[in-house]
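Here is a short tour for anyone who likes to think in contacts and charges. Please have a look at the sequence and structure first.

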Amino acid sequence: MKTKKILTLMLSLALTFVFLIPSSVYADTDTAVPYASQLISSYKISVNALGNGKMEIAASVDAKRKIEKLGFESIEVQELNNSSWKTVKTYKDSLLNNMIDKNCSSMDVTLKYSGTSGKTYRAIGNIIAKDGSIEETRSITSYSEKV
């Protein structure tokens, strides 16, 4: 009988200690987690339906200061086909697309694409930031949008 009381007391103490451990070791999903970067402060990309299969891709990147080179090396437009994504158009930086700028602290890109009405699309932006010997790249994927 005495052994049973000792076991019950030990189990109670063990459970008490388990519940005293702070639960703050888990990340708060409502809080943005900062990423380490020497050059890039923020970036975003979105697909906006314009109707009749037409869409606008809006992308932007901000640097922490004025840097040598900033922008998007490429932006891919992907279409959802049978639960998999297929790249249907790739925009690369050129004089026509004007997706990279020099000696700046921010870069905004707006592209138009005509897809198929009723289909779902997303965009993937490949970011480049360079200043002196420091070069950083990032990839960002937009939310999907039915056009």
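The report below covers the nonpolar core and then the salt bridges of this predicted model.

## The nonpolar core

Let's start inside. The largest nonpolar core has 27 residues, and Met55, Ile57, Leu70, Phe72 and Ile75 have the most contacts within it. At least two core residues come from each of strands S1 (40-51), S2 (54-81), S4 (100-114) and S5 (120-131). S2 gives the most, with 10 residues.

The structure holds 3 salt bridges. In one of them, Lys112 pairs with Glu56, with the closest N and O atoms 3.0 Å apart. Because Lys112 sits in strand S4 and Glu56 in strand S2, this pair ties together parts 56 residues apart in sequence. Lys112 is exposed, at 53% relative accessible area, whereas Glu56 is partly exposed at 21%.

Arg65 and Asp131 form another salt bridge, their closest N and O atoms being 3.3 Å apart. Arg65 belongs to strand S2 and Asp131 to strand S5, so the pair links parts that are 66 residues apart in sequence. Arg65 is partly exposed at 39%, and Asp131 is partly exposed at 22%.

## A pair with a buried partner

Glu136 forms a salt bridge with Arg138, where the closest N and O atoms are 3.9 Å apart. Glu136 counts as buried, with 10% relative accessibility.

Definitions and conventions: Residues are numbered from 1 along each chain as its sequence is written. This is a predicted model: local features need pLDDT of at least 70, side-chain atom pairs count only at pLDDT 80 or more; totals for chains, interfaces and linings use all residues. Side-chain values use heavy atoms; hydrogens and water are left out. A nonpolar core is a set of buried Ala, Val, Leu, Ile, Met, Phe, Trp, Tyr and Cys residues joined through side-chain atoms within 4.5 Å. Buried means under 20% relative accessible area, exposed over 50%, partly exposed in between (1.4 Å probe, protein chains only). Helices (H or I, at least four residues) and strands (E, at least two) are DSSP runs, numbered from the N terminus. A salt bridge is a side-chain nitrogen of Lys or Arg within 4 Å of a carboxyl oxygen of Asp or Glu.
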